[in-house]
Amino acid sequence: MSLEITGKLLVKYDPVQVNEKFKKREFVVELAEEINGNIYTNYAKLQLVQAKCDLLDRFKEGEQVKVSFNIKGNKWERDGKVNYITNLDAWRIESPGAATGNNQGQPAAGYNQPPAYNSQQGNNSNSYNQTPNFNPSPETIDDLPF
């Protein structure tokens, strides 16, 4: 499943060579959402990996960006304790008004297709794809019976 967010590029970190085979670069996007007349700000820390680390170079802190990403999670055990980690892996960064395809309706060249994570899970069409920026909060939940 591929998700998108649009917000202000707040922080760009330098690339980190984790080991000889793995490189990553983290960045933070500030997200503002209006709920019932109030503005709520959230901060999403995402990462780019391997060759995609260079995607961030053409953007400056403070610019609006549209980020396409996948959610990835890992599980590991140490000393009998199970640990989990979740990463937001960005695979495309663009200006919010940028076009993503050419005249034939095909994706433009470059990093416009998401990596094929979890392709064995079958049909990925669900309601999450229709509202990628939805952030449920107590102010949006109305569970009163009247």
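**Ground rules.** This is a predicted model, in which local features need pLDDT of at least 70 and side-chain atom pairs count only at pLDDT 80 or more, while totals for chains, interfaces and linings use all residues. Residues are numbered from 1 along each chain as its sequence is written, and side-chain values use heavy atoms, with hydrogens and water left out.

**Whole chain.** Show the protein chain as a cartoon: there are six strands and zero helices, in the order β-β-β-β-β-β along the sequence. Helices (H or I, at least four residues) and strands (E, at least two) are DSSP runs numbered from the N terminus. Of the 146 residues, 24% count as buried; buried means under 20% relative accessible area, exposed over 50%, and partly exposed in between (1.4 Å probe, protein chains only). The chain exposes about 10,400 Å², with carbon and sulfur atoms supplying 48% of that area. Accessible areas come from the Shrake-Rupley method with a 1.4 Å probe, and for residues only the protein chains shown count as cover. Among contacts with a separation of 6 or more, 53% are between residues 24 or more positions apart; contact means heavy atoms within 4.5 Å.

**Strand pairs.** Select residues 16-19, which are strand β2; three bridges join β2 to β3 in the antiparallel sense. Two strands pair if DSSP finds at least two bridges between them. The link from β2 to β3 is a hairpin through two residues, and Asn-19 has Phe-22 in β3 as its bridge partner.

Next, select β1 and β5, which are antiparallel and share six bridges. Glu-4 is bridged to Ser-68 of β5. Asn-70 stands opposite Asp-89 in β6. The hairpin formed by β5 and β6 has two residues between the strands, and Asp-79 in this turn has a positive phi of about 55°.

**Core.** Select Ile-5, Phe-27, Val-29, Leu-46, Val-67 and Ile-93, the residues with the most contacts inside the largest nonpolar core, which has 17 residues. The elements that each give two or more residues to this core are β1 (3-12), β3 (22-35), β4 (38-49), β5 (64-78) and β6 (81-94). A nonpolar core is a set of buried Ala, Val, Leu, Ile, Met, Phe, Trp, Tyr and Cys residues joined through side-chain atoms within 4.5 Å. Now centre on Ile-93: leaving aside neighbours within four places in sequence, its contacts include Phe-27, Leu-48, Leu-55, Phe-59, Val-65 and Val-67.

**Val-28.** Beyond four places in sequence, its contacts include Lys-8, Leu-10, Tyr-13, Tyr-43 and Lys-45.

**Two loops.** Most residues other than glycine have a negative phi. Select Asn-36, in the loop between β3 and β4; its phi is positive, near 55°, and at 63% relative accessibility Asn-36 counts as exposed. Finish at Gln-50, in the loop between β4 and β5. Gln-50 also has a positive phi, of about 55°, and is partly exposed at 34% relative accessible area.
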